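Keep the 3D view open as you read.

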Amino acid sequence: MRAVVITRTGGPDVLEYTEAPDPRPGPTDLLVRVQAAGINYIDTYFRSGAYPRELPYVPGDEGAGVVEEIGSDVTDIRVGDRVAWASAPGSYAELAVVPVAAAVPVPDGVDFPRAASVLLQGMTAHYLVESTYAAVSGDTVLVHAGAGGVGLLLTQLAVAKGVEVITTVSSDDKDALSRDAGASHVLRYDDDIAARVRDITRGEGVAAVYDGVGRTTFDASLDSVRIRGTVALFGAASGPVPPVDPQRLNKAGSVFLTRPTLAHHIRDRAELEWRGGAVMGAVANGTLSVRVEHRYPLAEARRAHTDLEARRTTGSLVLEP
Ligand code: NDP
């Protein structure tokens with residue numbers, strides 16, 4: 001098969017489009033013909049070496065495609081079924097082995113590019129707004145990188161619950177997209193974010209900050225949250241946050257700081273079905289709009305990573321074999 005392979009860590013140029021052996025499914029696996037692979041910011045952390053992963057490997061944990069073969073113990077999925085996944089390593093390829101426990105059915109009416117790019121970011125948005133801080137109608141929250149993959153989905157899920165959403169973005173185009181997704185107030189990173197948030201919330205601060213940007217936004221996040229509010233630091237698009245003195249949480253108002261990750265929120269099949277079903281169902285019935293703004297041939301993974309890291313992208317990105 002053709003696949004993208006990483007043999008050393010580094011910049012986008014370490015993504016090599018090449019011939020690789022076909023993977024073989026085990027008894028509880030599916031062999032899937034990949035129709036689209038989702039590109040996520042975390043793929044860049046593994047590629048650069050910021051997060052460790054054993055070399056060599058085929059990157060990408062997310063995708064969607066058609067089941068070509070099933071393992072001997074698989075009973076509830078058939079050859080020809082359409083499935084998506086958010087946690088099966090080796091997705092930047094023509095063929096991927098997907099553990100049946102990680103597979104989510106793709107409903108009719110959801111195409112492969114959307115199915116391949118919505119699950120990981122959508123389930124992340126879902127756990128943040130349903131579990132990390134379960135926002136309720138009447139709350140105001142702050143979402144950084146509001147026009148990004150997670151940002152657009154998180155904004156829509158929060159607004160659907162009657163939550164007022166403030167976002168940050170870096171350009172006028174991204175401002176318009178974030179407003180389209182339902183943000184009531186869109187700020188720029190060089191605004192005095194905490195002061196603007198205090199103005200909007202009449203001095204109170206927001207119930208929660210969902211911060212996937214990290215190093216450059218963390219201080220503003222802590223200054224924007226209300227007493228006993230939550231700062232969910234779920235990513236580091238601008239780099240990791242330096243160590244934090246717990247006393248700062250006291251000063252900020254007995255604030256809850258958490259660094260959550262998706263794997264801890266899809267711990268068993270029931271949880272995956274809940275979050276995956278909610279996300280796919282919302283896409284299928286049109287209540288969650290997925291913007292697959294950037295579709296690249298599999299051979300152009302380097303260009304896709306370069307665009308993502310240069311902040312040239314909005315919404316979701318996919319690679320198509
Ligand atoms: P995005 O599409 O949001 O891309 C990242 C965005 O971050 C950029 O478009 C940019 O938007 C913004 N940004 C701000 N500062 C920088 C910077 N210095 N360099 C690059 N980008 C910057 O990516 P994803 O939706 O895939 O992921 C968003 C975040 O969520 C990432 O940090 C990712 O690691 C994290 N994540 C965490 C998960 C978890 O469970 N913990 C799961 C999934 C994602 P702008 O130009 O508007 O600033």
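The ligand lies between two domains, because domain 1 (2-119 + 267-320) and domain 2 (137-259) both give residues to the shell around it; the domain bounds come from an automatic or database domain assignment. Please keep in mind that this is a predicted model, in which local features need pLDDT of at least 70, side-chain atom pairs count only at pLDDT 80 or more, and totals for chains, interfaces and linings use all residues. Residues are numbered from 1 along each chain as its sequence is written, and side-chain values use heavy atoms, with hydrogens and water left out.

Now look at the shell itself. It holds 30 residues, and the closest to the ligand are Ser170, Lys174, Tyr189, Gly212 and Leu262; a residue counts as near if one of its heavy atoms lies within 4 Å. At least two shell residues come from each of helix 1 (41-48), helix 2 (112-132), helix 3 (149-160) and helix 9 (301-309). Helix 2 gives the most, with four residues. Helices here are DSSP runs of H or I with at least four residues, strands are runs of E with at least two, and both are numbered from the N terminus.

Which residues make polar contacts, meaning pairs of N or O atoms within 3.5 Å? An oxygen atom of the ligand is 2.5 Å from an N or O atom in the side chain of Ser170, and a ligand oxygen is 2.7 Å from an N or O atom in the side chain of Lys174. A polar backbone atom of Tyr41 is 3.1 Å from an oxygen atom of the ligand. The protein buries 92% of the 910 Å² that the ligand exposes when taken alone, with areas from the Shrake-Rupley method and a 1.4 Å probe.

Finally, two backbone details. The peptide bond from Leu55 to Pro56 is cis, with omega near -10°, and Pro56 is in the loop between helix 1 and strand 4 (62-70). Arg228, in strand 12 (residues 225-233), has a positive phi of about 65° although it is not a glycine.

Conventions: Polar contact = N/O pair within 3.5 Å; in protein donor to acceptor, adjacent residues only side chain to side chain.
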